[in-house]
Amino acid sequence: MDRRLVLAGFAASLVAMATRAAADGQPRRIAVVARKFVFIPNEITVRKGESVVLEFTAPEVVMGFFAPELGLRALIVPGEVAKVPFTADKVGRFDFLCDVFCGDGHEGMNGHLVVTA
Amino acid sequence: MSAPFDRRDFLRLAGVGAGVVFASGLPGCASMAAAPSTDFHFVQLSDSHWGFDGPAVNPEAKTTLKRAVAEVNALASPPDFIVFTGDLTHTTDDPQERRKRMREFKAIVADLQVRDLRFLPGEHDASLDKGAAFQELFGPTHYVFDHRGVHFIALDNVSDPAARVGDEQLAWLAADLAKLDKDAPIVLLTHRPLFDLAPQWDWATRDGDQVVAQLMPHANVTVFYGHIHQEHHHQTGHIAHHAATSLIFPLPAPGSQPQRTPVKWDASQPFRGLGWREVARHGAAEFALDQHAVKGA
């Protein structure tokens, strides 16, 4: 199957899941897959003041998530879900990256966490 | 022969007394050749990434390290020894290919006329197998040696793929430092910066602050490292940290652009930003740095 279709379907299911979670009054859960050498999704948008839980999985090898400006960090071990609770208190576009060396392409494995007003 | 040197960096370094650096590229400063009473000198080579394949970045990837070896051999005054501060090879998922690249690297540097060679791993050499292949081919990933009154410490901040020195090595470092007088000259060699140079680019060591805290009581400490593929000079208190250029491709200035993508090859200026350095000791903890560009001819 076309990789883009798979990713699009995956993203749609994430939105549905996130909507359900928000309707329950619980923090919105945002699933992020860390695979060689990309985060899916690699741009995550939240609202200022919104409580979310970033839920990372890594199907291949140990990965890391690090957003230095936000003080967020997690080790992502295959077979486990690394949960990062987060409530943004400032608007902006913040870099994140994989901070566990994972191979040739590690240096380009990064993304952005966008906090809107 | 000399590369540009940031004047502000020099002035910051020059103001601290111990650890003063004379850069030959800076007008008004003593060059290595001009500086009096050199105690000894060594050469630092770094980040050769043997096995890298990217013609847009370096079409001379198979000759750059060899050129540097020839240039070091051509020095009028041979260095006492040569240190390689990591990323000797470019990473690969294939353990056999990793060892093949390391053997090829060793064969190239075997042409160095100076026989006292000291190797450190970078994350490309060691992070995918926790240093196993490096140790097979080059020996321990952390160690000490003494040379003409200076205590050298090689510290491994890459065998842990999360860029930690780790508790065990920190304890080893503490035990080693405890044996030294507080004013003993110390040179620490490592791959990654020990301070948060650009955390958003992974240019840091996760527990580097603990290393620096251990070094702070010691009056004469200088750090030489690699990883960032460019000259960079920084102070943490009285401790000077000097990053080296690469022998494969330059990287942009820390945090200067969104991505840490390699600087592309410029055919009009081949080998621009690639090079190696001589380090000469003058007195207690004064080091003169002399930057050499890899020549295109």
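Helices (H or I, at least four residues) and strands (E, at least two) are DSSP runs, numbered from the N terminus. Keep that in mind for the tour. What you have open is a predicted model, where local features need pLDDT of at least 70, side-chain atom pairs count only at pLDDT 80 or more, and totals for chains, interfaces and linings use all residues. To find your way, note that residues are numbered from 1 along each chain as its sequence is written, while chains are lettered from A and ligands numbered from 1 in the order in which they are written.

**Stop 1: chain A**

Select chain A and colour it by secondary structure. You'll find 1 helix and 9 strands, and along the sequence they run α-β-β-β-β-β-β-β-β-β. Of its 117 residues, 24% count as buried (20 or more other C-beta atoms within 10 Å of a residue's own; exposed means 12 or fewer, partly exposed is in between, and C-beta atoms are placed from the backbone).

**Stop 2: where A touches B**

Now show both chains. Here 11 residues of chain A are in contact with 14 residues of chain B; contact means C-beta atoms, placed from the backbone, within 7 Å. Chain A's side of this meeting place divides into 4 nonpolar, 3 polar and 4 charged residues. Ala, Val, Leu, Ile, Met, Phe, Trp, Tyr, Cys and Pro count as nonpolar, Asp, Glu, Lys and Arg as charged, and the others, Gly among them, as polar.

**Stop 3: helix α3 of chain B**

Select residues 95–109 of chain B: that's α3, with 15 residues. From its first C-alpha to its last, α3(B) reaches 21 Å, close to the 21 Å expected at 1.5 Å a residue (that is, 1.5 Å times one less than the number of residues).

Which residues of α3(B) are buried? Show B:Arg98, B:Arg101, B:Met102, B:Phe105 and B:Val109. Look down the axis of α3(B): its buried residues fall within an arc of 100 degrees, so they line one face of the helix. (The arc is that of the directions from the helix axis to the C-beta atoms.) Turned away from that buried side are the exposed B:Gln96, B:Arg103 and B:Ala107.

**Stop 4: a sheet in chain B**

Finish with an open sheet of 6 strands in chain B, ordered β5-β6-β7-β8-β10-β9 with mixed pairing. Strands pair if DSSP finds at least two bridges between them. At the edges, β5 (143–147) and β9 (232–236) of chain B each pair on one side only. Zoom in on β5(B) and β6 (residues 150–154) of chain B, which pair in the antiparallel sense over 5 bridges. In β6(B), B:Ala154 is the bridge partner of B:Tyr143.

Conventions. Two residues are in contact if their C-beta atoms, placed from the backbone, lie within 7 Å.
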